[in-house]
Amino acid sequence: MRIFKRDRQVYMALMAIFLVLNGCSVKSVPTDAIDKQVEDLLAQMTLEEKVGQMNQYNGFYDVTGPAPSEGDAKAKYEHIKNGWVGSMLNVRGAKEVRRMQSLAVDSSRLGIPMIFGFDVIHGHKTMFPIPLAEAASWDLKAIEQSARIGAIEASAEGLNWTFAPMVDVSRDARWGRVMEGAGEDTYLGSKIGVARVKGFQGDDLSANNTIAACAKHFAGYGFAEAGMDYNTVDMGTVTYYNVIFPPFKAAIDEADVKTFMNSFNIVNGVPSTANKYLQRDILKGEWGFKGFVISDWSSGREMIEHGYASSLEHAAELTVKAGSDMDMESYAYVKHLVDLVKAGRVDESMVDDAVRRILRVKFELGLFDDPYKYCNEKREKEMIYHPEHIAAALDMAKKSIVLLKNEEATLPLKKSHKIAVIGDLADDKDSPLGNWRMAADDNTAVSVLEGLDAYGVNYTYTEGAKLVTGPTAFSQELTVNTTDRSGFKHALKAAREAEVVVMVLGEHGLHSGEARSRAKLGLPGVQQELLEAVYKVNTNIVLVLMNGRPLTITWADEHVPAIVEAWQLGSQTGHAVAQVLFGDYNPSGKLPMTFPRHVGQVPIYYNQFRTGRPGPRNEVFWPHYMDESEKPLYPFGYGLSYTQFQYTDLEVAVKSKHQVEVAVKVTNIGDRAGEEVVQLYLHDKVASVVRPVKELKGFEKIKLEPEQTIKVVFKLTEKEMGFYNGMGDYLMEPGEFEVMVGCNSEEGLRDVFVIE
Ligand code: NOJ
């Protein structure tokens with residue numbers, strides 16, 4: 001059955017007629033009071049002032065991209081005073097934002113306030129776990145709260161716009177930015193993206209503690225070939241429609257996200273920034289997006305390197321025509337757009353459309369009522385590091401931890417144990433803040449050692465080996481220690497004398513993030529050697545992993561009895577780790593991304609398309625590796641608890657062609673309370689487009705006391721049971737569906753149902 005059919009050819013023909021009739025111009029019709037204010041203001045603006053609104057400059061201290069040669073401060077000040085700058089990024093602090101804002105408000109002819117953007121990615125000053133870690137909580141309320149607190153602190157520092165959430169789905173752990181997203185799954189990623197937008201924007205965007213959110217990077221950036229940042233993306237429309245687009249669309253439909261950022265990559269051979277199909281046809285056309293689109297840092301200019309624009313002027317022309325409304329640090333609009341309009345190469349209505357969108361968000365934020373509403377130093381002092389924020393960061397950190405292995409109840413530990421702690425990261429107060437922590441104060445995380453101290457644990461500590469040598473400043477490449485094993489001797493002595501060894505190993509916080517791709521996914525440096533050396537003298541090891549991406553810890557999984565995935569958990573890291581290690585908190589996190597056994601398996605993800613030769617088979621002709629299992633090390637959705645859950649009584653009831661109810665009973669059969677993420681996966685067995693082997697289509701996190709049973713009921717509608725074809729038509733086809741409900745993407749109770 002076809003529930004939404006749009007003939008793309010007819011649509012494209014109508015679009016073409018529309019564009020011809022309108023002389024390739026863009027029109028939007030004012031609808032409410034804000035639109036009226038926008039129109040009044042627009043009518044007073046010169047062309048130069050309009051183009052100014054479409055220009056964003058970086059501040060003067062931090063850069064989050066390559067600094068262009070034009071970036072001299074004196075010129076920027078003059079441009080702001082002339083009304084040629086609509087926004088700034090990387091300016092923060094109530095006092096500093098007020099100073100910059102007053103240049104625009106007091107000196108420019110119309111006094112239009114600027115909007116101040118910043119990468120508020122996982123907390124602002126109080127740092128929360130990196131987004132990938134938060135996603136492991138599957139706790140939407142907690143994630144929304146984390147974004148809410150990020151917004152409260154950022155807005156207290158004068159900011160009113162975050163470049164978050166990143167809703168790029170990614171299946172490639174080599175890509176450093178997986179730390180910034182919600183992992184490999186579209187369904188989970190959509191829910192989390194919506195929660196984050198709601199957290200940032202709150203119920204009232206005009207309040208002084210809410211900020212505009214930005215769904216990024218539109219679109220496909222998470223599929224950079226070979227996991228290399230900024231690399232080519234090339235894939236079919238079925239994947240765009242079913243995997244990449246849904247979190248973006250959900251951010252609009254379910255959370256009214258105010259802005260979008262386009263991406264560095266090409267889509268079907270056209271850079272996203274100049275991609276009319278993405279920005280005008282899909283985003284602003286089909287999806288009816290009313291907010292504005294910002295380019296990524298210098299992505300307009302980079303089209304020259306792509307070989308898509310012949311000059312900066314050409315880049316300006318292409319990007320404005322494609323619907324990229326604000327230019328971040330390309331200097332393309334500010335330098336060329338006025339002339340392009342005057343020369344008749346760009347219709348002024350396109351500029352008007354962009355400016356309307358930008359002004360609208362500024363009005364919605366209340367910047368015209370009070371441009372300094374976010375610039376209150378008293379509030380700044382009160383809100384930054386507020387005790388409630390710190391408590392919430394600790395709660396989120398605990399919820400983000402995933403127990404990967406716990407043989408023979410190695411964990412929880414007892415304080416009476418003789419414990420040796422080994423690993424450079426255990427004593428690190430900076431790395432756990434993770435990447436994208438521009439506003440964080442250096443060295444403000446509670447280290448693992450500090451967490452153990454606060455918990456009253458006796459232990460001996462040796463570093464074992466330095467993880468990185470040299471500077472670890474935000475913009476530097478990290479120098480990983482691959483030679484210095486001089487600390488091994490002390491570590492082995494400590495391990496020999498201990499009953500249990502807690503090894504804190506993994507990646508530095510700056511090993512992941514933008515431009516931090518890795519070709520290897522093992523423990524960096526000499527850490528693997530250290531682990532194996534320690535194992536030779538004491539096998540009773542608890543491995544605490546700190547990392548911003550899935551790692552190939554296959555050896556550890558085969559040897560070490562207990563493994564705790566502790567990511568980079570932010571300000572409260574040490575307390576969270578201590579509470580989990582000693583059983584005060586029962587871990588409940590589930591992996592939002594598959595862990596490969598070997599980097600050669602990447603991209604590896606649970607919801608692969610069905611092939612024609614599913615295995616395993618008794619002969620050679622099926623998809624597998626000769627030298628490695630085709631299975632993941634830990635599948636998507638996987639995570640253990642200190643208690644056990646039993647799934648029984650799966651019931652499926654087909655209520656109508658569009659409604660199916662699936663119920664399951666979950667019982668806590670262990671001896672302590674715990675939380676479980678009950679996951680539902682669906683598989684459409686025969687369809688007009690090949691469907692994945694399974695797809696997450698529902699989950700619920702429940703808390704159970706020992707012996708308690710809870711019945712969880714999922715309602716499936718066409719939203720869960722349908723799919724997009726390669727033309728973007730949403731289809732729901734009758735036939736047989738397989739359903740699985742369980743504790744991860746591989747284990748669960750299964751049944752089938754038929755939709756007539
Ligand atoms: C480049 C990144 O790709 C983007 O996500 C970020 O928001 C901007 N730089 C601004 O820092």
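User: Hi! Before we count anything, what counts as a helix or a strand here?

Analyst: Hi! Helices are DSSP runs of H or I with at least four residues, strands are runs of E with at least two, and both are numbered from the N terminus. One thing to keep in mind is that this is a predicted model.

User: Good to know. How many helices and strands does the protein have?

Analyst: There are 22 helices and 27 strands. The radius of gyration is 26 Å, close to the 27 Å that the globule rule gives for 756 residues, so the protein is as compact as a globular protein of that length.

User: What size of box do the C-alpha atoms fill?

Analyst: Roughly 75 × 60 × 45 Å, taken along the principal axes.

User: And what share of the residues counts as buried?

Analyst: Of the 756 residues, 62% count as buried. The protein exposes about 27900 Å², and carbon and sulfur atoms supply 51% of that area.

User: How about charges: how many positive and negative side chains are there?

Analyst: The protein has 82 positive and 103 negative side chains, with the centres of the two sets 1 Å apart.

User: Switching topic: which residues does the UniProt domain annotation cover?

Analyst: The unreviewed UniProt entry carries the annotation "domain: Fibronectin type III-like" for residues 676-745. In the model, that span is 6% helix and 56% strand, and its end C-alpha atoms lie 14 Å apart.

User: I see E705 falls in those numbers. Where is E705 placed?

Analyst: E705 sits in the loop between β22 (695-704) and β23 (709-716). Leaving out residues up to four places away in sequence, E705 touches N668 and A673.

User: Is E705 buried, exposed or partly exposed, and why?

Analyst: E705 counts as partly exposed because its relative accessibility is 43%, and that class runs between the 20% cut-off for buried and the 50% cut-off for exposed.

User: What about E707?

Analyst: E707 lies in the loop between β22 and β23 too. Its relative accessible area is 71%, so E707 is exposed. The phi of E707 is near 70°, a positive value in a residue other than glycine.

User: Where would I look for cis peptide bonds?

Analyst: One joins F218 and A219, with omega about 5°. A219 is in the loop between β5 (214-218) and α9 (237-253). Another cis bond joins G615 and P616, with omega about -10°, and P616 is found in the loop between α21 (573-581) and β19 (645-656).

User: Now a helix. Which residues of α12 are buried?

Analyst: In α12 (residues 312-322), the buried residues are L312, A315, A316, E317, T319, V320 and A322. They pack against α10 (276-286), α11 (302-306), α13 (332-342) and α14 (348-365). Just after α12, G323 takes a positive phi of about 100°.

User: Last one: what does D441 touch?

Analyst: Not counting residues up to four places away in sequence, D441 touches K125, Y385 and L433. D441 is in the loop between β12 (419-422) and α17 (448-454), and counts as partly exposed at 32% relative accessibility.

Technical notes. Residues are numbered from 1 along each chain as its sequence is written. This is a predicted model: local features need pLDDT of at least 70, side-chain atom pairs count only at pLDDT 80 or more; totals for chains, interfaces and linings use all residues. Side-chain values use heavy atoms; hydrogens and water are left out. UniProt positions are given in the numbering used here, feature names are shortened, and annotations may be inferred rather than shown by experiment. The radius of gyration is taken over C-alpha atoms; the globule rule is 2.2 Å times the number of residues to the power 0.38. Buried means under 20% relative accessible area, exposed over 50%, partly exposed in between (1.4 Å probe, protein chains only). Accessible areas come from the Shrake-Rupley method with a 1.4 Å probe; for residues, only the protein chains shown count as cover. Lys and Arg count as positive and Asp and Glu as negative; His and the chain ends are not counted. The place of a charge is taken as NZ of Lys, CZ of Arg, CG of Asp or CD of Glu. Contact means heavy atoms within 4.5 Å.
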